[in-house]
Amino acid sequence: MTKTRHLTILGSTGSIGESTLDVVARHPHRYQVVALTADRNVEKMLGQCTRFHPSYAVMLDAPSAGRLEDRLRAAGLDIKVLSGIESLEKVASLPEIDTVMAAIVGAAGIRPTLAAARTGKHILLANKETLVMAGRVFMDTLKQHHATLLPIDSEHNAIFQSLPSRFNGDLAGSGVRRILLTASGGPFRKVDLEMLETVTPEQACAHPNWVMGRKISVDSATMMNKGLEVIEAHWLFNAEPEKIQVVIHPQSVIHSMVEYIDGSVLAQLGNPDMRTPIAHALSYPERTESGVQSLDMFKVARLDFEFPDFKRFPCLRLAYEALAAGGNMPAVLNAANEVAVEVFLAGRIPFTAVPVMIEDVMKSTERQNVPDLESVLLADLQARATAREWLTCNTGRIQEGQYPHSVPDSKTDNPHTF
Ligand code: NAD
Ligand code: MG
């Protein structure tokens, strides 16, 4: 008999959260939902509570929690409603759960994900920002508390599936030559560079292959998402940056590859549907139905590969630079990116200002070590303040169309090639 997993799903109303519940609903005997969390979407949370009957529902703030509580009471549902960051930490570390799906978007996910690590949970990690911001602290915490981690990000899940089953963090010892991290190239892979300045948030969010939340969709358009994933791969697989080659693969059918020293390249393929990595991680090491259709090779017909262009995608270069610098720099990169994406989505800066803002924030921040969660959170806060200052200083120029359009002294060659 398969043991029932008791789950907390952080960010259950998001794209990953909903896909997780879709998989969970297919296997009611395997999974029991104990806690769900969301920011302010009371309607969606109410629907999920009605369907999955968790013991806890956590909302971001007290007013949303109050509205949810009223609705649940009216529906005759007895579910504890909580709010705030401490409550997120609480439901990520409940003694009655064994597994946490970490699917909050952005830096907001770090504290509950670390709480799950401190209580030795089995963590399914979609929130890549936790690893980007606090890779060392998070990996050490996992080890110290015997927590386990499986990647949900499709590329990292593919890499995990392509590595030897008993991979112990030693790539060279496992005969791995390099990791080939695939990227779709997003919606602007072929758009004229001059046109990038005028692209709209809607165009940036219209990903050619994946349906995702708005933040990660913009990250895919700038390729910051791939940059964050390079840092994520570094921590997950103990891979030096020069062992991680980004490969643009517009069809998004190969989700990533591992090359071995004998010349073998192992890959994981499938339709671009996050239910595959979610089902894999939920039931690992077994396999279960995910609802994903068979990959139709005849329809796919061809697989293309391209070299990533740092001139078109300066965010990718910035991420490699942040990883090389280490310390607070990946957290600074992440925080500046979150602010830049937010103000781009709000129509306050053009798309091409996103990397300019991030690079300016990185340049004006001193490199420091971040030995614990507090120092990571401080680096995050300071970088956000610097990014907001940048916005205040540059808003007038942006409105007049006079701000620096391209990242100055932008290197166009990609040093991370073989
Ligand atoms: P989304 O925006 O669709 O959902 C985010 C979830 O987090 C929602 O439930 C929202 O209510 C919650 N949330 C947002 N801000 C919050 C806050 N301040 N406090 C508490 N909860 C908050 O995002 P998504 O696309 O599902 O992505 C979630 C994570 O998974 C991200 O880290 C993303 O990088 C990663 N990821 C997503 C995909 C994908 O296909 N969507 C693929 C790989 C990795
Ligand atoms: Mg990904």
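Q: Is the crossing of H1 and H2 left-handed or right-handed?
A: Keep in mind that this is a predicted model. The axes of H1 (residues 15–25) and H2 (residues 42–52) come within 12 Å and cross at roughly 15°. That angle is under 35 degrees, so H1 counts as roughly parallel to H2. As for the hand of the crossing between H1 and H2, it's left-handed.

Q: Which residues of H1 and H2 make the contact?
A: Contact here means heavy atoms within 4.5 Å. From H2 come Lys44, Gln48, Arg51 and Phe52, and from H1 come Glu18, Leu21, Val24 and Ala25.

Q: What covers the buried residues of H1?
A: Start with who is buried: in H1 that's Ile16, Gly17, Ser19, Thr20, Leu21, Val23 and Val24. Leu21 and Val24 also take part in the contact with H2. The cover over the buried residues of H1 includes H2, the strands E1, E2 and E5 (99–102), and helix H11 (275–283).

Q: Which residue in E2 does Thr8 stand opposite?
A: E1 (residues 5–10) and E2 (residues 31–37) pair in the parallel sense, with five bridges between them. Across that pairing, the residue of E2 facing Thr8 is Ala35.

Q: Which residues are the protein donors of the magnesium ion (ligand 2)?
A: In sequence the donor residues follow the spacing D-x1-E-x73-E. One linked pair joins distant parts of the chain, 76 residues apart: one partner is in the loop between strand E7 (148–151) and helix H7 (154–162), the other in helix H10 (residues 224–237). At 2.1 to 2.2 Å from the ion, the donors are Asp153 (OD), Glu155 (OE) and Glu229 (OE).

Q: Which residue in E11 does Met257 stand opposite?
A: E10 (residues 254–260) has seven of its seven residues buried. E10 pairs in the antiparallel sense with E8 (residues 176–183) over four bridges, and there Leu180 stands opposite Met257. Five bridges join E10 to E11 (residues 265–269), also running antiparallel. In that pairing, Met257 stands opposite Ala267.

Q: Which residue in the hairpin of E10 and E11 takes a positive phi?
A: The hairpin has four residues between its strands. The phi in question is near 95°, and the residue that takes it is Gly263.

Q: What relative accessible area does Asp219 have?
A: Asp219 has its place in helix H9 (residues 214–222). Leaving out residues up to four places away in sequence, Asp219 touches Met224, Asn225, Leu228, Asn337 and Val341. The cut-off for buried is under 20%, so Asp219 counts as buried, with a relative accessible area of 1%.

Notes
Residues numbered from 1 in each chain as written. Chains lettered and ligands numbered in written order. Predicted model: local features only at pLDDT ≥ 70, side-chain atom pairs only at ≥ 80, totals over all residues. Heavy atoms only, no water. Donors = N, O, S within 2.8 Å, 3.2 Å for Na, K, Ca; no water. Helix = DSSP H or I, 4+ residues; strand = E, 2+ residues; numbered from the N terminus. Buried < 20%, exposed > 50% of the residue type's maximum accessible area, 1.4 Å probe, protein only. Pairing = 2+ DSSP bridges. Axes fitted to C-alpha atoms, helices over the stretch in contact; angles between N-to-C directions. Parallel < 35°, antiparallel > 145°, perpendicular 65-115°, else oblique. Left-handed = near helix turned anticlockwise from the far one by under 90°.
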